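Hello,

Here is the structure I promised to pass on. My notes follow below it.

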Amino acid sequence: MAERFDAVVVGAGPAGSAAALTLARKGFSTLLVERGRAPGAKNMFGGRIYAWPLFEILPDWTKDCPVERLVTKESMAFLTEDASLGIAFESPKLSEGKAASFTALRPKFDAWLAKKAEEAGAMLVMGIRVDDLWREDGRVKGVFVAPDDRVAADVVVIAEGATSGLVRQAGLKADLEPREVSVGVKETIELPEKDLQDRFGLGDREGAAIVYAGYASLGLRGGGFLYTNKSSVSLGLVVSSEDLARKKVEIQDVQTKFRMHPAIQKLLKGGKVVEYSAHLVPELGRNMMPRLYADGVLVAGDSAGFLINNGYTFRGVDLAIASGIAAGEAADAARKAGGMTAANLAAYERSLRARNVLQDLEAFSRTPLYLKNERLFDVYPRLVIDLAERIYRVDGTARGRLVDTVLREVNASGVSKVTLLMDLLRGARSM
């Protein structure tokens with residue numbers, strides 16, 4: 001006879017642990033299954049978390065959450081082979097209340113959130129792979145954790161990441177296509193805490209977040225990021241899988257050239273790479289979202305394509321946590337309505353909208369398509385750098401007015417003024 005729980009949650013990342021915590025608090029006997037040896041052991045992300053959903057699920061989260069640094073400085077930088085142009089914004093308000101964001105290391109953060117789910121009553125089992133969904137009469141009845149072992153459940157929450165096979169087995173989405181995912185890589189680079197704070201101009205708990213475009217990805221569609229931890233830096237890239245395959249480029253080679261850029265080396269001098277990780281990143285957001293529910297099943301986090309990259313902010317963990325909470329609420333509403341039918345689990349969408357998850361995904365639904373424009377990652381960063389060099393270089397030659405300099409550099413870029421204007425308008429509408 002199969003073991004039985006009210007709910008099985010597959011994946012102890014932020015979405016899964018938030019779902020398990022919410023379900024356990026609502027009186028569900030809950031099994032949280034993680035295939036890694038520990039929560040966060042197999043997970044990779046850029047390094048930043050927007051805190052707003054934590055205030056709902058754990059109002060006192062600041063007491064023991066493993067925060068590395070609170071982000072108080074935001075920057076964007078354009079790179080060519082040997083030059084950089086940055087825009088920076090710094091304000092203490094970035095770290096206040098629900099607007100706060102922080103850097104974190106996933107093994108620590110995921111373990112912390114999974115422990116909160118356990119404390120609420122969920123059972124966490126690690127080192128177990130869910131092979132398939134147990135289905136009868138067209139609805140999900142539980143999961144297979146080995147060829148012959150089954151766990152029965154009224155509802156299964158799929159939160160196993162971007163490459164979820166269970167979502168496809170549930171009939172909620174077809175196979176992933178290359179255009180739907182990018183390849184993400186990250187290096188964790190140790191730096192003495194004092195050196196880190198001096199180089200980035202930070203106080204004891206303050207952190208910096210930098211987004212890079214242009215040479216960071218060697219002109220391929222994608223970009224780089226840098227986040228400061230307490231005594232390390234998270235440096236990485238997210239690059240189109242289509243571009244890597246089409247141009248036969250290895251992602252680790254792109255990452256190495258990014259790390260060796262003069263502007264990056266100034267920040268990392270003397271640092272030691274202590275960790276390297278890579279994974280697939282859902283790229284299209286709302287445009288790749290599966291059906292979110294069916295009889296006996298809900299989909300949360302990266303498995304649902306809940307990621308927003310609008311060129312200046314990368315959001316994933318906050319949407320994952322919010323969707324986990326929403327999944328738990330939807331299951332509770334469905335149980336009160338008579339059972340885990342698709343009609344009753346439609347409460348999930350309402351719960352997601354109550355947290356503005358779907359609204360934000362819809363607001364930026366055009367952005368991933370706009371970011372497929374190759375000019376954004378090669379021509380325009382180079383144009384911006386060339387223009388800055390022209391403006392700031394004084395060598396005795398005749399100087400022109402600013403408007404004349406801009407027009408001359410635009411003409412030299414090979415992009416027509418009409419194309420440039422159209423790209424600007426599309427960007428304003430999508431971002």
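At roughly what angle do the axes of helix 14 and helix 15 cross? They cross at roughly 145° and come within 10 Å. Axes here are lines fitted to C-alpha atoms, for helices over the stretch in contact, with angles from 0 to 180 degrees between N-to-C directions. The crossing of helix 14 past helix 15 is right-handed (the near helix is turned clockwise from the far one by less than a right angle). On the helix 14 side, the contact residues include Leu-383, Leu-387 and Ile-391. On the helix 15 side, Leu-402 and Val-406 are among them. Contact means heavy atoms within 4.5 Å.

Before you go further: this is a predicted model, where local features need pLDDT of at least 70, side-chain atom pairs count only at pLDDT 80 or more, and totals for chains, interfaces and linings use all residues. Residues are numbered from 1 along each chain as its sequence is written, and side-chain values use heavy atoms, leaving out hydrogens and water.

There is also a nonpolar surface patch of about 400 Å². Ile-391, Tyr-392, Leu-402 and Val-406 make it. Helix 14 (379-392) and helix 15 (402-413) each supply at least two of the patch residues. Ile-391 sits in helix 14. Ile-391 counts as partly exposed because its relative accessibility is 31% (buried is under 20%, exposed over 50%, partly exposed in between, with a 1.4 Å probe and protein chains only).

Elsewhere, Ser-217 lies in the loop between strand 12 (206-214) and strand 13 (222-228). Ser-217 is buried, at 0% relative accessible area. Leaving aside residues up to four places away in sequence, Ser-217 touches Gly-222, Gly-223, Leu-237, Val-239 and Val-254.

Best wishes

Conventions. Patches are made of residues with over 30% relative accessible area and no salt bridge: like charges are joined within 9 Å, nonpolar side chains (Val, Leu, Ile, Met, Phe, Trp, Tyr) within 5 Å. Accessible areas come from the Shrake-Rupley method with a 1.4 Å probe; for residues, only the protein chains shown count as cover. A salt bridge is a side-chain nitrogen of Lys or Arg within 4 Å of a carboxyl oxygen of Asp or Glu. Helices (H or I, at least four residues) and strands (E, at least two) are DSSP runs, numbered from the N terminus.
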